[in-house]
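Here is a short briefing for a reader new to this structure. Keep the model open while you go through the points.

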Amino acid sequence: MLTRRTLLQATAATAASFAMPARASNTTIKIGYVSPQSGPLSAFSQADAYMVSRFLESTKASGLDIEVVVKDSQSNPNRAAEVAKELISRDEVNLILVASTPETTNPVCSVAESEEIPVISSVAPWQPWFIGQQGNPLDASGWKPFDFVYHFFWGLEDNVSVFLNMWESLNTNKQVGALWPNDGDGNAWASDVGMPPALGKPGYKLTDTGRYQNLTDDFSAQINAFKQANCEIVTGIPIPPDFTTFWTQAAQQGYKPKIASIAKALLFPESIVALGDRGHNLSAEVYWSPKFPFKSSLTGESCDDLAAAFSAASKRQWTQPVGFTHALFEIAADVLKRASDPTDSEALVEAIGATNLNTVVGNIGWGKDNVPPFARKNVAKTPLVGGQWRRQTDGTFDLVIVDNSRAPEIPTGGKLEALN
């Protein structure tokens with residue numbers, strides 16, 4: 001398991017496909033990597049150690065020493081900012097990679113932007129990533145393009161659309177109960193850039209009991225409100241332990257919706273297995289799975305190959321961040337290869353901005369027209385589909401893709417089913 005500060009180093013071997021610019025030979029490149037390796041968001045970092053080691057192994061032919069300095073945000077925004085400062089002032093990194101929820105990505109990006117250190121960020125919807133740093137993305141005049149920070153992931157518009165498309169496939173009363181925490185994700189989902197504006201046209205009615213604090217131990221108020229409104233659909237973006245608490249208490253209090261589409265908390269198989277039979281047919285967004293039709297630019301592995309290799313090495317089921325953690329290091333490798341001087345911030349930023357790379361999560365390139373004009377310099381979107389957890393005869397769960405309306409290139413494996 002990764003400690004709070006793990007230093008991994010690979011020494012260059014012979015030149016191969018990952019050839020660096022000649023002027024960069026005999027140079028040490030230091031990459032900082034920040035993620036929540038402990039605390040309530042630690043499930044996002046299950047693949048970190050494996051992917052860092054794979055990256056270092058794959059870049060041995062780079063012609064230079066590459067070090068990856070790994071820092072734990074401890075699922076705490078203040079700690080995330082602290083370790084970003086450590087990476088810059090003490091470790092003197094050339095490039096920072098950061099992943100997993102606005103509570104980690106936003107503070108790291110803000111610090112790095114102010115210190116003029118290039119950052120590649122991911123695994124946070126682009127709206128809460130933006131809101132946490134600059135303000136309301138509906139006000140395009142308020143957007144000030146970042147000079148050193150680049151982010152790739154999907155947006156709330158994609159997740160809301162996926163959830164609505166799944167719900168439309170079943171007959172419900174269109175009453176929706178919302179679980180939105182008082183954090184970067186929850187506040188964005190509950191705002192005008194999130195779900196509420198999208199529900200009116202298709203005729204859904206929202207029951208929103210307000211923002212609750214993470215690690216709440218009593219969801220009786222929300223459950224009672226959902227029961228009184230006869231909410232046949234429940235949605236939200238809680239952290240994993242909070243949904244476990246809510247779902248357990250819902251069963252105890254007799255609340256049984258037809259659909260539960262939950263972002264973030266239902267990404268991880270361990271969270272589903274812990275629910276037993278009550279995990280069957282829970283639905284969530286799917287931003288990466290072994291079924292995605294992409295390949296790694298770094299190792300040549302398909303998504304299925306990458307998931308299988310991770311499972312074999314870790315002795316655990318694949319998880320969605322596997323793909324995005326790998327993609328962060330794919331992009332880093334590509335940027336280092338193309339930068340005229342991989343120790344120079346301006347050269348790295350130029351290479352990041354010019355990225356056009358087919359990765360294990362799809363094509364990554366900034367400046368595309370699927371992002372609002374004011375955000376195109378700094379945001380690249382990736383595909384998103386909808387999935388449902390199905391319990392197998394051996395007690396494990398399989399995440400079946402049931403909606404691909406936003407990404408038809410990704411095959412479905414079934415249709416949404418109502419909860420038992």
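Helix α8 (residues 220–228) packs against helix α9 (residues 240–252) at an angle of about 55°. Their axes are 10 Å apart. The model is predicted.

**Helices α8 and α9**
- The angle makes α8 oblique to α9.
- The crossing of α8 and α9 is right-handed.
- From α8, the contact takes in Ser 220, Ile 223 and Phe 226.
- From α9, Phe 246, Gln 249 and Ala 250 take part.
- By class, the contact of α8 with α9 has four nonpolar, two polar and no charged residues.

**Helices α1 and α12**
- Helix α1 (residues 48–58) and α12 pack at about 30°. Their axes lie 10 Å apart.
- Angles under 35 degrees count as roughly parallel, so α1 is roughly parallel to α12.
- α1 crosses α12 in a right-handed way.
- On the α1 side, the contact is made by Asp 48, Met 51, Val 52 and Phe 55.
- On the α12 side, Val 322, Thr 325, His 326, Phe 329 and Ala 333 make the contact.
- The contact of α1 with α12 divides into six nonpolar, two polar and one charged residues.

**Helices α2 and α3**
- Helix α2 (residues 77–89) and helix α3 (residues 102–115) pack at an angle of about 35°. Their axes are 8 Å apart.
- The crossing of α2 and α3 is right-handed.
- α2 brings Pro 77, Ala 80, Ala 81, Ala 84, Lys 85 and Ile 88 to the contact.
- α3 meets them with Glu 103, Thr 104, Pro 107, Val 108, Val 111, Ala 112 and Glu 115.
- In the contact of α2 with α3, nine residues are nonpolar, one is polar and three are charged.

**Nonpolar cores**
- In soluble globular proteins, nonpolar side chains tend to be buried together.
- The largest nonpolar core here has 115 residues.
- The residues with the most contacts inside this core are Phe 152, Trp 167, Phe 246, Trp 247, Tyr 287 and Trp 288.
- Helix α12 (residues 321–338) gives the largest share of this core, ten residues.
- Beyond residues up to four places away in sequence, Trp 167 touches Val 176, Met 195, Leu 199, Tyr 204, Ile 233, Thr 235, Ile 259, Ser 261 and Leu 416.

**Tyr 150**
- Tyr 150 sits in strand β6 (residues 149–152).
- Its relative accessible area is 4%. Buried means under 20%, so Tyr 150 is buried.
- Setting aside neighbours within four places in sequence, Tyr 150 is in contact with Val 119, Ile 120, Ser 121, Val 349, Ile 352, Gly 353, Trp 366, Lys 377 and Asn 378.
- Tyr 150 and Ser 405 are 255 residues apart along the chain, and 27 Å separates their C-alpha atoms.

**Asn 363**
- Asn 363 belongs to strand β13 (residues 362–364).
- Is Asn 363 buried or partly exposed? Asn 363 is partly exposed, with a relative accessible area of 26%.
- Leaving out neighbours within four places in sequence, the contacts of Asn 363 are Asn 356, Leu 357, Asn 358, Lys 368 and Lys 381.
- Asn 363 and Ala 250 are 113 residues apart along the chain, with 40 Å between their C-alpha atoms.

Technical notes: Residues numbered from 1 in each chain as written. Predicted model: local features only at pLDDT ≥ 70, side-chain atom pairs only at ≥ 80, totals over all residues. Heavy atoms only, no water. Core = buried A, V, L, I, M, F, W, Y, C linked by side-chain atoms within 4.5 Å. Buried < 20%, exposed > 50% of the residue type's maximum accessible area, 1.4 Å probe, protein only. Helix = DSSP H or I, 4+ residues; strand = E, 2+ residues; numbered from the N terminus. Contact = heavy atoms within 4.5 Å. Axes fitted to C-alpha atoms, helices over the stretch in contact; angles between N-to-C directions. Parallel < 35°, antiparallel > 145°, perpendicular 65-115°, else oblique. Left-handed = near helix turned anticlockwise from the far one by under 90°. Nonpolar A, V, L, I, M, F, W, Y, C, P; charged D, E, K, R; others polar.
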